[in-house]
Amino acid sequence: MAIIPIFIPHAGCPHQCVFCNQKTISGQKSAAVVEARRQLERWLQWVSPSLENEAAFYGGSFTGLDLALQEELLGLTDELLAQGVIGSVRLSTRPDYIQPQVLQLLQRHGVRLVELGVQSLDNVVLEAAERGHTAEQVARAVQLLREYGFQVGLQLMVGLPRQTRTSMEATVAQVVALRPELARIYPLLVIKGTPLEQSYRRGEFIPLTLEEAVGQAAYMYAELTQAGIRVIRIGLQPDEELCAAGNIIAGPFHPAMGELVKARVLREELTPRLVELSRQLAADEVLTVLCPPRLLSKVRGQKSANVEYWEQLLGSRPVVKQALVEKLQVLRLPRNAVM
C-alpha cells in the first residue's frame, strides 16, 4: 500500500492558529490545481497501481476551499481511481468545515477517510491556541461524518498554551469516547514566523521539554491504542524545509519522536514487573527481558536509554535479549544462562 500525498498548505483556512506557519510545515507553496498535478506526477513515478493505494490531501482545510476548487482537485484523484492507480482518497480539514453539502461532494469522489485537525477538546486550550472552533463542534463533525459513512481521524497535540496534564488526559478520554479509526500526535513546536514565536520571545510561553513531550505523547499513544484507535504518526515529518536552520525556534523536536514515544510506553509497561522481580532476585540470578525482534530496539530505548533507566532504578542492569517469543517476557534467570 502506498500513500500519495498532495499538499495544499493553509488553503481553505482563514485562521492562523498561534502555532501555525503552514508553508514551513508542509514544504509547499501553492494550492493551485496545476501544483497538485505536478506533485501527483512526481509521486506516480514510483507508485505501482493498486486498489490498496490511497491519495491524501494534506496541509490545508480541504472542505473550506471553494466548492469549484474542491471539484477540480478531486477530479485529479478521480482519474487515478478510474485507472485503478488508487482505491480511495483521504483528506484533512477543520471540524467546523463539515457540512452535509460538502460530505455529499466527498462521497461522489471516492473519499474514504476525513482527518480533523482537533488538537485539543478543552475549550480553554482551543481559545488560547486561536483555533476558531470548539470541542462541541468536533463532536458534531464526527457525528456527521459517521452519518455519511466516512472513517474518521483526529489530529492531536501536546504542549499547547494553557494545556495542563489534566487537560491533556481529559482530551484523550473524550477522543476515546468519539471512537475515531485513527489519530496523529504532534508535540507543539515554536516555528519561525508564527504568533507563538512572539509569545515565546516575550517569555509568555514555555514549550515542553523533550522529556515532558515524550511522556505526554506516550500517555496518549498508550490510551488510544489500548482503545483500538490506530496512531499513524507521532511528531512532525522532519522534511528539508522544516529542519532548515532557524525554522524551529524552540520546542521538543526530535527526528525519531515516534521511536522515543513507543520506547517510553514499553518502559512504563515493563518497569512494574522488573521492580517486582528485582525484590526476589537471588545473588546468582539476573533479570532478563525477552522480546520479539521487532521490539528489540524499542525495549532497549534509543542509545539503551531504557536499560540505563532500569539500572539506575533497580541497582542492577537487566539483560534485554531478542528471542522467538510473541510477547514480552520478564524472567529471573541464572547468570550463566544469559552471559
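Visitor: Which residues are linked with Glu54 in a network of salt bridges?

Guide: This is a predicted model, in which local features need pLDDT of at least 70 and side-chain atom pairs count only at pLDDT 80 or more, while totals for chains, interfaces and linings use all residues. Residues are numbered from 1 along each chain as its sequence is written, and side-chain values use heavy atoms, with hydrogens and water left out. A salt bridge here is a side-chain nitrogen of Lys or Arg within 4 Å of a carboxyl oxygen of Asp or Glu. The residues linked with Glu54 in the network are Arg90, Arg112, Glu115 and Arg184.

Visitor: How many salt bridges does the structure hold?

Guide: One of them joins the side chains of Arg165 and Glu169. Another joins Glu276 and Arg273. The total for the structure is 17.

Visitor: Is Glu35, in its salt bridge with Arg38, buried or exposed?

Guide: The side chains of Glu35 and Arg38 meet at 2.8 Å, N to O, and both residues lie in helix H2 (residues 33-44), 3 residues apart, about one turn of the helix. Helices (H or I, at least four residues) and strands (E, at least two) are DSSP runs, numbered from the N terminus. Buried means under 20% relative accessible area, exposed over 50%, and partly exposed in between, with a 1.4 Å probe and protein chains only. Arg38, at 38%, counts as partly exposed, whereas Glu35, at 14%, counts as buried.

Visitor: What separates Arg165 and Glu169 along helix H7?

Guide: Their side chains meet in a salt bridge of 2.8 Å, N to O. Arg165 is partly exposed at 37% relative accessibility, and Glu169 is partly exposed at 29%. Because they are 4 residues apart in helix H7 (residues 165-178), the separation is about one helical turn.

Visitor: Which helix holds both Glu276 and Arg273?

Guide: The side chains of Glu276 and Arg273 form a salt bridge of 3.2 Å, N to O. Glu276 has a relative accessible area of 38% and is partly exposed; Arg273 is partly exposed at 36%. They sit 3 residues apart, about one turn, in helix H10 (residues 257-278).

Visitor: Which strands stand at the edges of the sheet?

Guide: The open sheet has 7 strands in the order E1-E2-E3-E4-E5-E6-E8, with parallel pairing; two strands pair if DSSP finds at least two bridges between them. Each edge strand has a single partner, so one side of it is left without a neighbour in the sheet. The edge strands are E1 (3-7) and E8 (230-234).

Visitor: Which element gives the largest share of the lining of the second largest pocket?

Guide: A pocket is an open set of points on a 1 Å grid over the protein atoms alone where a 1.4 Å probe fits, with protein on both sides within 12 Å along at least five of seven lines; lining residues have an atom within 4 Å of a point. The second largest pocket is lined by 14 residues, with Glu211, Leu260, Arg264, Gln302 and Ala305 nearest its centre. Helix H9 (210-226), H10 and helix H12 (305-314) are the elements that give two or more residues to this lining. The largest share, 4 residues, comes from H10.
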